[in-house]
Amino acid sequence: MQELATPLIVLGLLFFVGLAADRIGRKLRLPRVTLLLGFGLVVGQAGFDLLPSTITDLYPVVAIVALSAVAVLLGSSLSLDNLRGHGRIVIFVSLSVVLVTQAVVTLGLWGFGLPFALALVLGALATATDPAATYDVIEQSGQDTGFTRRLKGLVAIDDAWGLLAFSLTMLALNLFGDTGGTDSPLLTAAYELGGSTALGIAIGWPGAILIGRFSDGEPLRIEGLGLVFLTAGLSLMLDLSYLIAGMTVGAVIVNHTRHHSRAFAEMRSIEWPFLIVFFVLAGASLDPQALALAGSAGVAFAILRVLGRILGGWIGGSVARAPQQESRYYGAAMLPQAGVAIGMALAASEQFPAYGDQITALAIGTTAGFELIGPLVTAFVLARQKTQNPS
């Protein structure tokens, strides 16, 4: 039993760290996400290496559960009422951010001297975001405005567009270049997008019928946990995206039950403990030395991604006739980047082995930077929006 003592003590301390991060973040107006990631960086392998392996080994499971919960909650922002009011802006801005980001990063890195095929792959990686970090900054701000509702909708579907852009990029490389890949990325994307959506409907539909039939409190929390774990587990079993499946579950429930507000409130109450451990372990897994391995191309990638997202948000907002004071901020609020980009990088490295090491090093390095700095930028954007448009 002695071997169980250390991980239990560490988990207990991590929950208190999360409590401290919340209090410090509110006083200093800093995102608690950045504080937790920074703490993880200090106590992780890149820092003092204080976390036992029994805790770091939990990272894959905790990450999947935390991100699945976030996905379900993000799906709740895709209600028909919300889409009627903000759907045009969400669709146009999200598509514009993805397309412009890929174009700017691809052309910029190609001009920087990278082979066009490699630049195209890196441009696709730049489209991925971290919905968990962005969502948590919004929740911490306490704002419930038109801008925050639109931003939740944007991060809810942004990775779906990014996955499609990445798959089409890899398909083009398979068709017009020798990447060594054998599977069709387009078929893979079609299976992942379609299958994940179908799974989300299959879970969300009966969930919408059953949820809220019992009393508030503990029964609703149990229902929420059941939906999150079931969605995550079946997605992994079927090799589908638990993010897309989770968002579909949330969207189905919010549009087909009258008691969804209580259900999602209970789900938020169980989400934060998982996110505390997730963000600390995510910080512990970051490798800031990887950015040095990527070299000047990594710096160029980071700058171009920032420019692409800001420009894409402005163009999309202008086309969708979004409020003028919001258009220039959409892309900046969506800078955090995490696990989806790493997953894309690993897949690209397998299909494009000639540049595998460079792709992986650049993705890991820049993800570390965006995951630490991105939430700060998102918090700054929300503060600016609050002062300029307090309604």
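Tutor: Let's start with a term: a salt bridge is a side-chain nitrogen of Lys or Arg within 4 Å of a carboxyl oxygen of Asp or Glu. We're looking at a predicted model, where local features need pLDDT of at least 70, side-chain atom pairs count only at pLDDT 80 or more, and totals for chains, interfaces and linings use all residues. Residues are numbered from 1 along each chain as its sequence is written, and side-chain values use heavy atoms, with hydrogens and water left out.

Student: OK, how many salt bridges does the structure hold?

Tutor: Going by that 4 Å cut-off between nitrogen and carboxyl oxygen, you can count them up. The structure's total is six.

Student: Where do the two residues of the E326 and R150 salt bridge sit?

Tutor: The side chains meet at 2.7 Å, N to O. E326 is buried because its relative accessibility is 1%, and R150 is buried too, at 8%. They're 176 residues apart and link distant parts of the chain: E326 sits in helix α15 (residues 324-330), R150 in helix α8 (residues 146-176).

Student: Now the helices: why is α4 oblique to α7?

Tutor: Helices here are DSSP runs (H or I, at least four residues), numbered from the N terminus. Axes are lines fitted to C-alpha atoms over the stretch in contact, with angles from 0 to 180 degrees between N-to-C directions. Angles under 35 degrees count as roughly parallel, over 145 as roughly antiparallel, 65 to 115 as roughly perpendicular and the rest as oblique. The axes of α4 (residues 59-75) and α7 (residues 131-141) come within 10 Å and cross at roughly 60°, which means α4 is oblique to α7.

Student: Which residues of α7 make the contact with α4?

Tutor: Contact means heavy atoms within 4.5 Å. From α4 come L67, V70, L73 and L74, and from α7 come P131, A132 and Y135.

Terms used
Buried means under 20% relative accessible area, exposed over 50%, partly exposed in between (1.4 Å probe, protein chains only).
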